[in-house]
Amino acid sequence: MTTKTRFAPSPTGYLHIGGARTALFSWLYSRKHGGRFVLRIEDTDLERSTQESVNAILEGMTWLGLEYDEGPFYQTHRFERYKAVIQQLLDQGDAYYCYCSKEELEQLRNEQMANKEKPRYNGKCRETPGVSEGVMPVIRFRNPDAGEVVVKDLVKGDIVVSNKELDDLIIARSDGSPTYNLSVVVDDMDMGVTHVIRGDDHINNTPRQMNILKALGAPIPEYAHLPMILGADGARLSKRHGAVSVMQYRDEGYLPEALLNYLVRLGWSHGDQEIFSLDEMIEYFELKDVNVSASAFNPEKLLWLNHQYIMNSDPAHVARHLSWHMGEQGIDPTDGPDLVELVKVQKERCKTLVEMATISRYFYKDFDEYDEKAARKNFKPESADVLQQLHDQFSGLDNWQGEALHQIVVNLAETLGLNLGKVAQPLRVAVCGTSVSPPIDMTLALLGREKTLARLARAVDFIKSLN
């Protein structure tokens, strides 16, 4: 049988870190075993599901590169199928109508809590439903009375649950709409899902879903429940820990590969290796190597990984992602040097692509003013003559290349009897507006003749205006 996994988010918010890790592990497992990966949108919660959230999930999956082989499927398009299965369960005697009111159920719950009993439905309508005028019934699944359910969890090991611990859950609401536990079972059955990989907050649902599958005569998938992700303080991951939309990491300048690499290490390991290519993730990934205990989210580690990817990835790949960030900052990449060449000179000093776009702005746009501290330190009265001489010598240069530009700077410093920094730093401030840039020869080469000469002339006028 072909291995098939699925990622089945509810479109009630963005694609967050926990969901992205579940999607990644499911994707890796299917890819490793030559299987298929299904994307299913579980949108039966009509009040909370939104198209905006659906779009955010699809956008997040695309940015991460987690391509799916089937879908996206929408549960709201399958209501007729769910109704047919619910009717099948009724006809088989594996489901029944329940007319108990909310008030009755609340009273039952309160009594059980007061008696320190586990709150559960008492089966009042199981054999003889008490039809109530004006009350629209729900439909409950008739859970087996005896025996036990053994979940052979691929992460946590065997989980044994007595059927006596499981009450008769609702599979259809009073308006006829299916509940989560019914629709997910029908989808997994119809779509031929062989491995359900999801968060361990679903462990309580699994025995119930297995019993419904058994009642339908369907194969039981293998289950793997992933431990939750915690913040560094040990609390459940939340926005203050970094549990934000996956797309916010894009907005903050992270490469998708860096985020995937970080996510795969949140609960899984392969020896002491920290950095994995996608091919290595697929090759090494095994569910048996997923940790049983929860993992802690560490933003500093993610930032470190991102820097590694910026430094070591193909500059052309980094440039493709950088281009979007340049546009977000109002920079047209065609107004300056080739982005691939820019990445090569800036990659060592930037941990995010936002940072790279920000510190590279002067290559593409003229600046309105000089960094005040840098100008005060480097724009001395005598600097005007130094910059003018640089301007004149650069103007006569036929070969606008780094080596030739560097030699002019070195020769002028020697001619004037100055430390190289006394020439290079005023030059840097003049053409960049700041005292920090890549090596001056690389900076000038990337900046180009026209911008360099115009900015040198402007700096000369600026220094003269101060005196």
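**Close-up views of a predicted model**

**View 1. Thr62, out on helix 2.** Thr62 is exposed, with a relative accessible area of 61%. This residue sits in helix 2, which covers residues 51-64. As in every view here, we're looking at a predicted model. How far from Thr62 is the C-alpha atom of Thr76, 14 residues apart along the chain? The two C-alpha atoms are separated by 23 Å.

**View 2. Lys4, a lysine tucked away in strand 1.** Strand 1 runs over residues 4-7, and Lys4 belongs to it. Is Lys4 buried or exposed? Its relative accessibility is 13%, and with the cut-off for buried set at under 20%, Lys4 counts as buried. The Lys4 side chain reaches the backbone oxygen of Met191, at 2.8 Å. Setting aside neighbours within four places in sequence, the residues in contact with Lys4 are Arg36, Val38 and Glu70, plus the run Met191, Gly192, Val193, Thr194 and His195.

**View 3. A cis peptide bond at Pro72.** Gly71 and Pro72 are joined by a cis peptide bond, with omega at about 5°. Pro72 itself is placed in strand 3, residues 70-74. Glu70, one of the contacts of Lys4 in the previous view, falls within the residue range of that strand.

View 4. Lys116 isn't a glycine, yet its phi is positive, about 55°. Where does Lys116 lie? Look in the loop between helix 4 (102-114) and strand 5 (138-141). With 80% relative accessibility, Lys116 counts as exposed.

View 5. Helix 12 spans residues 339-346, and its buried residues are Leu339, Leu342, Val343, Val345 and Gln346. What covers them? Part of the answer is helix 11 (315-328), helix 13 (353-359) and helix 18 (440-447).

**View 6. Helix 17 alongside helix 18.** The crossing is left-handed. Helix 17 brings Ala424, Leu427, Arg428, Val431 and Cys432 to the contact, while helix 18 brings Ile440, Thr443, Leu444 and Leu447. Sorted by class, that's seven nonpolar residues, one polar and one charged.

**View 7. Helix 15 against helix 19.** Here helix 15 (residues 383-395) meets helix 19 (residues 449-465), with axes that come within 9 Å and cross at roughly 155°. That angle makes helix 15 roughly antiparallel to helix 19. This crossing is left-handed. From helix 15 come Ser383, Ala384, Leu387, Gln388, Leu390, His391, Phe394 and Ser395, and they meet Arg449, Thr452, Leu453, Leu456, Ala457, Ala459, Val460, Ile463 and Lys464 of helix 19. The contact divides into 10 nonpolar, five polar and two charged residues.

Definitions and conventions
Residues numbered from 1 in each chain as written. Predicted model: local features only at pLDDT ≥ 70, side-chain atom pairs only at ≥ 80, totals over all residues. Heavy atoms only, no water. Helix = DSSP H or I, 4+ residues; strand = E, 2+ residues; numbered from the N terminus. Buried < 20%, exposed > 50% of the residue type's maximum accessible area, 1.4 Å probe, protein only. Polar contact = N/O pair within 3.5 Å; in protein donor to acceptor, adjacent residues only side chain to side chain. Contact = heavy atoms within 4.5 Å. Axes fitted to C-alpha atoms, helices over the stretch in contact; angles between N-to-C directions. Parallel < 35°, antiparallel > 145°, perpendicular 65-115°, else oblique. Left-handed = near helix turned anticlockwise from the far one by under 90°. Nonpolar A, V, L, I, M, F, W, Y, C, P; charged D, E, K, R; others polar.
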